[in-house]
Each structure stands twice: as structure tokens, then as C-alpha cells.
Amino acid sequence: MKLLKDILYGVSLSAVSGDTNVMVNNVHFDSRKVEMDDVFVAIRGTLTDGHKFIQKAVDLGARAIVCEELPELMVNGVTYLQVDNCNSALAVIASNYYDNPSKNLKLVGVTGTNGKTTVTTLLYHLFKKAGFKVGLISTIKVLVDDKEYKTTHTTPDVLTINDYLSKMNLAGVEFCFMEVSSHGIHQKRAEGLHFEGAIFTNLSHDHLDYHKTFAEYRDTKKKLFDGLPKTAFALVNIDDKNGLVMLQNTKAKKYTYALKTFADYRAQILEKQFNGQLLKVDDNELWSKLIGDFNAYNLLAIYATADILGLEKMETLRLMSELENVDGRFQYYISKDKITAIVDYAHTPDALKNVLVTINALRTGNENVITVVGCGGDRDKSKRPVMGHIASEMSNQAIFTSDNPRTESPSVIIEEMEAGVEPQNVRKVLSIENRKQAIKTACKLAVANDIILVAGKGHETYQETNGVRVDFDDFKEVKEALESLKK
């Protein structure tokens with residue numbers, strides 16, 4: 001148990017009704033989880049308002065309530081704490097509850113539209129190879145040194161984050177690399193954490209269903225850098241014009257990286273092949289199994305971070321040459337018929353374009369590129385025609401299909417993608433709602449040396465429709481479809 005006033009340290013209170021010198025058990029923002037002597041924080045969510053469940057939490061035995069509006073009925077023996085923002089209060093309470101675990105390791109946050117998972121995951125593997133105990137909080141998984149936990153959000157809630165960080169403290173973890181999404185920043189999930197540094201990868205069209213405008217999306221990302229202390233570092237990609245914006249108000253030590261412009265850390269692509277690329281980094285050559293300009297940026301960010309955190313440069317380059325692709329990020333398979341299938345998480349216009357640019361740069365010109373792509377339901381609708389345009393413009397054949405339709409009609413989503421197709425590209429587009437059938441069709445259309453890109457889901461091993469998830473793995477599906485063909 002914890003003393004209530006101790007876990008409230010640093011929380012700005014507007015009003016207090018009751019005793020803060022009492023012992024409490026757990027902290028929850030989901031009233032259904034509340035048990036005797038717990039603290040309930042009434043979060044205003046996008047779908048529901050926690051204030052509606054204050055009485056339910058009290059009935060279940062809550063000892064303290066944190067809220068933005070005090071209820072009319074206040075029960076004797078329950079402490080009510082009024083704050084301006086429950087999300088911010090929860091962030092501080094969560095850190096205090098777990099004894100501020102982020103201060104006991106070097107936590108590095110990675111934000112940006114694309115590249116977060118690749119950068120965090122490869123940093124984890126690099127530092128593991130260098131002999132450190134390392135933690136990872138990513139879209140795909142959470143790793144506490146060698147122990148794995150599955151995740152459901154890019155940035156977990158603050159209680160979960162601090163729980164994982166606390167586990168890392170117990171395991172002796174020295175470095176933790178964490179994806180920080182714009183949703184997570186906006187909902188204060190990164191507040192109350194002590195960051196050793198932050199990395200900005202890039203910014204492009206995404207999440208405008210949530211943030212409404214690109215400026216709001218950009219400024220939300222910027223808050224991560226605005227909140228860094230003087231002791232931290234801020235590393236940004238300045239080939240992206242938003243990189244310098246991230247640095248405008250930060251107190252942290254500033255570092256930049258780029259492929260095209262002058263920066264603290266620079267790289268040059270010397271050679272590209274399907275099995276890797278040759279880079280020149282700080283006047284040293286690096287052969288990497290990761291291909292594409294976007295991965296050159298990711299690798300440069302990793303190299304710069306390792307240098308800033310004190311790893312020896314030549315040893316870092318040696319270890320980087322051993323790094324493998326992250327699951328679902330330009331993951332490829334070559335069939336016996338010499339058809340190359342590539343599975344990539346590209347679910348934004350910029351990411352899809354980057355992958356297709358990479359593929360087209362590696363072609364001899366005689367192969368066809370067949371792209372299977374969809375757009376998720378209940379997400380930013382404005383990117384759908386853009387995705388449709390890019391896929392049809394940059395492929396010899398595009399097949400529009402379902403991604404995770406969620407509560408939307410798959411056929412309506414596909415129609416919105418079709419709206420972006422130019423008249424001259426209409427003949428190149430097929431629409432097949434069933435994703436399994438769409439992948440099979442792409443495989444049947446392909447001949448030797450052709451390239452199939454299955455985009456949008458990457459590492460995800462499910463498809464979600466109306467709240468129901470069924471097993472679905474793009475890489476498994478395309479591999480099985482190619483292996484079953486008899487050319």
C-alpha cells in the first residue's frame with residue numbers, strides 16, 4: 001500500500017475534500033477494476049467520461065477520487081481531489097506510485113509519423129548486442145530485457161508504462177527505447193516520465209481524424225521536445241522541414257541528422273540491392289541488410305543515438321551491420337518461381353510512397369510491381385484517395401482491399417480509395433474486398449521476377465471487423481499463396 005499524499009506529490013490540486021494522510025492500494029482509471037481502498041482517476045475519454053462512474057468506483061470501495069469536477073454527492077470517508085486535468089494528474093500519480101522508475105534508467109523516446117518501431121526496435125537490439133540490459137516499449141511488443149509482453153497501443157497508458165519501467169528497474173535495465181505517438185502525447189501518457197533524450201524521424205499525413213489539422217498534429221509531437229530537461233538530448237531529422245520546428249523551444253542539447261543537408265550526423269547511400277545497401281556514415285562504410293532511403297534515415301538515427309549515449313563509433317557500425325529487418329517492415333520472400341513478395345506496414349501516403357520508390361529504384365524495368373493495399377476503418381478518411389492515387393500511379397497493377405475495416409463498410413473504404421485514381425490509371429486497378437483473395441489474386445497475376453507489395457498491416461497478425469479480430473498474417477498469406485502456385 002502507498003500513502004495517498006506521497007503519490008500526489010507534484011500534482012496541482014484545485015480542491016481537496018477529505019484526508020490525504022491515508023493508505024491506498026492501486027490506482028485505476030477504469031472503474032470496473034476498482035477494489036477496496038483504490039484510487040480512481042476520472043478521465044474524460046473520446047468515447048466516455050470517467051466522471052459518470054465516480055459513484056460506481058465509490059460503491060466498489062474506492063478510497064480516493066481524482067476528478068476535474070467534484071460530484072454533488074460526496075461520501076464520508078472518501079477523499080475527493082479536484083484537478084485541472086486528470087490526464088496530467090494521472091501521469092504524475094502513476095510515476096509516483098511506481099517510485100519514478102524512469103529516473104533509474106536512460107529512457108529515450110522516438111516520435112514521428114514513420115520509423116518509430118524500426119528505430120526503437122533496432123536500438124534495443126543494438127544495445128543488447130553491445131552487452132547492455134535493455135528495455136523496449138513499441139507498437140509490436142514490450143521487452144523487459146529478454147522477457148516479452150504483447151501490446152495494443154503505440155504508447156500504453158501511463159500506469160502500464162510505469163509498471164513496465166518498474167519491472168525494468170527490477171531487471172537491472174540500463175536503457176529503454178520507447179515509441180511515443182501523437183495520441184500518447186496529447187493524452188499526457190508521456191508526462192511524468194524522465195527522458196534521457198528524444199528522436200524525431202519525420203512528419204507526414206496521418207491521424208488527422210484525431211488531430212483535425214496538420215499543424216495540431218505537428219505541435220502535439222513538438223510537446224515531447226518542449227518538455228525535455230537541459231540534461232537530455234534532442235535528435236531530429238532536418239531533411240524534414242519539421243525537424244527544426246521540434247527544436248525551437250527545447251532546453252535539451254540539440255543534434256541533427258540528414259542525408260541531403262548539412263547536419264551533425266550525415267550518411268550517403270553508395271549502393272542499393274534487394275538484399276541490402278551500402279552506406280557511408282561519418283566517412284566509414286556500412287553494409288546493412290535494411291534497404292531503402294527511409295531505412296537509411298532510420299539507421300542514421302540509430303547511429304547518432306548510440307554515439308550520443310556513449311557507444312564507440314566503429315563498434316556501433318559493426319553491430320549495425322548485423323541488424324535484421326523488423327517484422328512487417330520491408331519483410332521479403334522470394335518464391336521458387338523468382339517472384340519477390342514484400343510485406344510492409346506502410347499505412348500512410350508517405351510510407352507507401354517511400355516503399356514504392358525503393359522498389360522501383362531496385363527494378364531493372366522489366367518486372368511488374370503489383371501492390372495490394374487497403375485503408376483502416378474509423379481512421380483518417382482524407383488519406384484514402386491519396387493512398388489510392390499513389391498505389392495506382394506507382395504500380396503496374398494495384399489491388400484495393402480491406403485492411404482493418406473496424407466498424408466501417410469495407411466497400412465504402414475501397415470506393416474512397418478509388419476516388420483518388422487518375423483516369424489513365426483506372427485500368428490498372430482491381431478492387432477485391434476479401435484480403436486473402438486479393439493476395440491470392442496478386443500471386444496468380446505475378447510471373448517470374450515480378451514484385452508483389454502487400455502494404456498496410458505489416459506485423460499485425462489479425463484483421464478487425466466490427467470489434468471482432470480474426471487471425472490474419474500478410475506474410476504468411478502471401479508466402480502460402482506463392483508456394484501453392486504451379487507456374
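## Basis of the helix angles

Angles between helices run from 0 to 180 degrees between N-to-C directions, and the axes are lines fitted to C-alpha atoms, for helices over the stretch in contact. The structure described here is a predicted model. Two packed helices are described by the angle between their axes and the distance between the axes.

## Helices α10 and α11

Helix α10 packs against helix α11, which spans residues 313-320, at an angle of about 145°, and the two axes lie 10 Å apart. The crossing of α10 past α11 is right-handed.

## Helices α4 and α10

Helix α10, residues 293-308, also packs with helix α4, residues 116-129; here the angle is about 45° and the axes are 10 Å apart. The two helices, α4 and α10, are therefore oblique to each other. Their crossing is right-handed.

From α4, the residues in contact are T118, V119, L122, L123, L126 and F127, and from α10 they are N295, N298, A301, I302, T305 and A306. The contact of α4 with α10 holds eight nonpolar and four polar residues, with no charged residues.

## Helices α3 and α5

Helix α3 (residues 86-97) and helix α5 (residues 158-171) pack with their axes 9 Å apart, at an angle of about 20°. Because angles under 35 degrees count as roughly parallel, α3 is roughly parallel to α5. The crossing of α3 past α5 is right-handed.

In this pair, L90, A91, A94 and S95 of α3 meet V158, L159 and N162 of α5. Sorted by class, the contact of α3 with α5 has five nonpolar and two polar residues, and no charged residues.

## The second largest pocket

Rolling a probe the size of a water molecule over the atoms shows where empty space is left. The second largest pocket has a volume of about 250 Å³. Its lining is formed by I185, K188, A190, E191, L193, H194, F195, K223, L224, G227, L228 and P229. Seven of the lining residues are nonpolar, two are polar and three are charged.

Key
Residues are numbered from 1 along each chain as its sequence is written. This is a predicted model: local features need pLDDT of at least 70, side-chain atom pairs count only at pLDDT 80 or more; totals for chains, interfaces and linings use all residues. Side-chain values use heavy atoms; hydrogens and water are left out. Helices (H or I, at least four residues) and strands (E, at least two) are DSSP runs, numbered from the N terminus. Angles under 35 degrees count as roughly parallel, over 145 as roughly antiparallel, 65 to 115 as roughly perpendicular and the rest as oblique. A crossing is left-handed if the near helix is turned anticlockwise from the far one by less than a right angle, and right-handed if clockwise. Contact means heavy atoms within 4.5 Å. Ala, Val, Leu, Ile, Met, Phe, Trp, Tyr, Cys and Pro count as nonpolar, Asp, Glu, Lys and Arg as charged, and the others, Gly among them, as polar. On a 1 Å grid over the protein atoms alone, a cavity is a set of points where a 1.4 Å probe fits but cannot get out, and a pocket is an open set with protein on both sides within 12 Å along at least five of seven lines; lining residues have an atom within 4 Å of a point. Grid points are joined across faces, edges and corners, and a volume is the space filled by probe spheres set on the points.
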